[in-house]
Amino acid sequence: MKNTDVKFHDLAPQANDFHADVIKGLSNQPRMIPPKYFYDKRGSELFDAICEQQEYYPTRTEISLLQYYAREIAERIGPDCILVELGSGASEKARLLFDALKPTGYMGIDISKEFLLDATKKLSRDYPWLEVHAVCADFSQVLEIPKHYQEQQHIAFYPGSSIGNFDPDEAVIFMEQIAEMVGPEGKLLIGVDLKKDEDILNAAYNDAAGITAEFNLNLLDRLRNELGAEFEDGAFMHEAFYNGSDGRIEMHLVSTKNTALTIDGKTFRFHLGDSIHTENTYKYSLDEFEALARRAGFDVEQVWTDRKDLFSVQLLAVSNRP
Ligand code: AVJ
């Protein structure tokens, strides 16, 4: 492979059906819209701004862990691996590992084709020794790692604690698929947000500058601009709270009055305080996550945490237990 060539694999993922998912989600009880719809251009910008907020500790803590422990992580994994990043975006976190890890190849998997091609081209330019692959796919698609990489160990990389968006049972299924993808000698390097003082959790999703509120409310702008939804300005407000019995932050859009939202002649009525559930983000203790990983067929090989035990980066190995 030449210097800055990126090998492109198009698995032609099914485009999201925003309209159908919203109608379905608002017709159910409780009403729910999947969190993947937060991330249009504005939503992605707002998410980046969230990551800069003092209260939002996950991103900066994970970045510090990857920077600080890059060498240890690399030693644990060993040389010449194939690093496969799920939802690679700008590949910023993978970059933190390359100098220490020296993988043979990097495969960035992302659903957003233009962004993926742009990011992987830059990567290939910055790391001329690295064989870079861009895979346009969604997580439900089975990824085959190129045959000529059979000698190399396959390491899935799933930073960002996005595993928290899955219900635990779904997380197990997802991680089983990852185990299948990396094979019996493979590993998973994953960022997992931890249970902690509820005040810290609540503050992280209710930043004082109101960026998370804007991020949540941006979904309503999308309904209006893209689906022609009609509703009163100010009819909904941001709400985020830690639900201790389920171990998760919940985000909702809560009606501030008795009101209605109409899409395509379909009217959804809300009483004061009724909600549209927009996100769950599960938090785990180390023991809970270890149990979850085992259910999915992984052993926890090593865990790196910050001094305050806010966040963890974990290396899981596909288990050889029967
Ligand atoms: C991208 C899912 C990890 O759950 O913390 C941030 C998304 N939502 N603030 C998270 C999010 C509100 C974020 N994840």
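Which atom of the ligand is 2.7 Å from an N or O atom in the side chain of Glu 279? That's a nitrogen atom of the ligand.

Some ground rules before going on. This is a predicted model, in which local features need pLDDT of at least 70 and side-chain atom pairs count only at pLDDT 80 or more, while totals for chains, interfaces and linings use all residues. Residues are numbered from 1 along each chain as its sequence is written, and side-chain values use heavy atoms, with hydrogens and water left out.

**The ligand site**

The shell around the ligand has 13 residues, and Tyr 56, Gly 160, Tyr 205, Glu 279 and Thr 281 come nearest. To be near, a residue must have a heavy atom within 4 Å of the molecule or strand in question.

| Side chain | Ligand atom | Distance |
|---|---|---|
| Tyr 56 | oxygen | 2.5 Å |
| Tyr 205 | oxygen | 2.5 Å |
| Glu 279 | nitrogen | 2.7 Å |

On its own, the ligand has 350 Å² of accessible area, and the protein covers 96% of that. Accessible areas come from the Shrake-Rupley method with a 1.4 Å probe, and for residues only the protein chains shown count as cover.

What is the shell made of? Seven of its residues are nonpolar, five are polar and one is charged. H2 and S12 each supply at least two residues of the shell. Helices (H or I, at least four residues) and strands (E, at least two) are DSSP runs, numbered from the N terminus.

**The sheet around S12**

S12 also belongs to an open sheet of four strands, ordered S2-S12-S9-S8 with mixed pairing. Strand S2 (31–32) and strand S8 (236–243) stand at the edges with a single partner strand each, so one side of each has no neighbour in the sheet. Two strands count as paired if DSSP finds at least two bridges between them.

S12 (residues 275–282) runs antiparallel to S9 (residues 248–255), and seven bridges join the two. Along that pairing, Val 254 is opposite Ser 275, and Glu 250 has Asn 280 as its bridge partner. With S2, S12 pairs in the parallel sense over two bridges, and there Met 32 stands opposite His 277.

Why is S12 largely enclosed by the rest of the structure? Because seven of its eight residues are buried. Buried means under 20% relative accessible area, exposed means over 50%, and partly exposed is in between (1.4 Å probe, protein chains only). In S9, Leu 253 is buried too, at 1% relative accessibility.

**Charged pairs**

Searching the whole structure turns up 19 salt bridges, each a side-chain nitrogen of Lys or Arg within 4 Å of a carboxyl oxygen of Asp or Glu.

Start in H2, one of the suppliers of the ligand shell. Lys 41 and Glu 45 form a salt bridge there at 3.0 Å, N to O. The two are four residues apart in helix H2 (residues 41–51), so about one helical turn separates them. Lys 41 is exposed at 66% relative accessible area, whereas Glu 45 is partly exposed at 39%.

Helix H8 (residues 211–227) holds another pair spaced by four residues, about one turn: Arg 222 and Glu 226. Their closest N and O atoms are 2.9 Å apart. Arg 222 is buried at 11%, but Glu 226 is partly exposed at 44%. Shared partners join Asp 40, Arg 222 and Glu 226 into one salt-bridge network.

Asp 169 and Arg 295 make a salt bridge too, with 2.9 Å between the closest N and O atoms. This pair links distant parts of the chain, 126 residues apart: Asp 169 is in helix H6 (residues 168–182) and Arg 295 in helix H9 (residues 286–295). Arg 295 is partly exposed, at 48% relative accessibility.

Technical notes: A polar contact is a pair of N or O atoms within 3.5 Å; within protein, one must be able to donate a hydrogen and the other to accept it, and residues adjacent in sequence count only if both atoms are side-chain atoms. Ala, Val, Leu, Ile, Met, Phe, Trp, Tyr, Cys and Pro count as nonpolar, Asp, Glu, Lys and Arg as charged, and the others, Gly among them, as polar.
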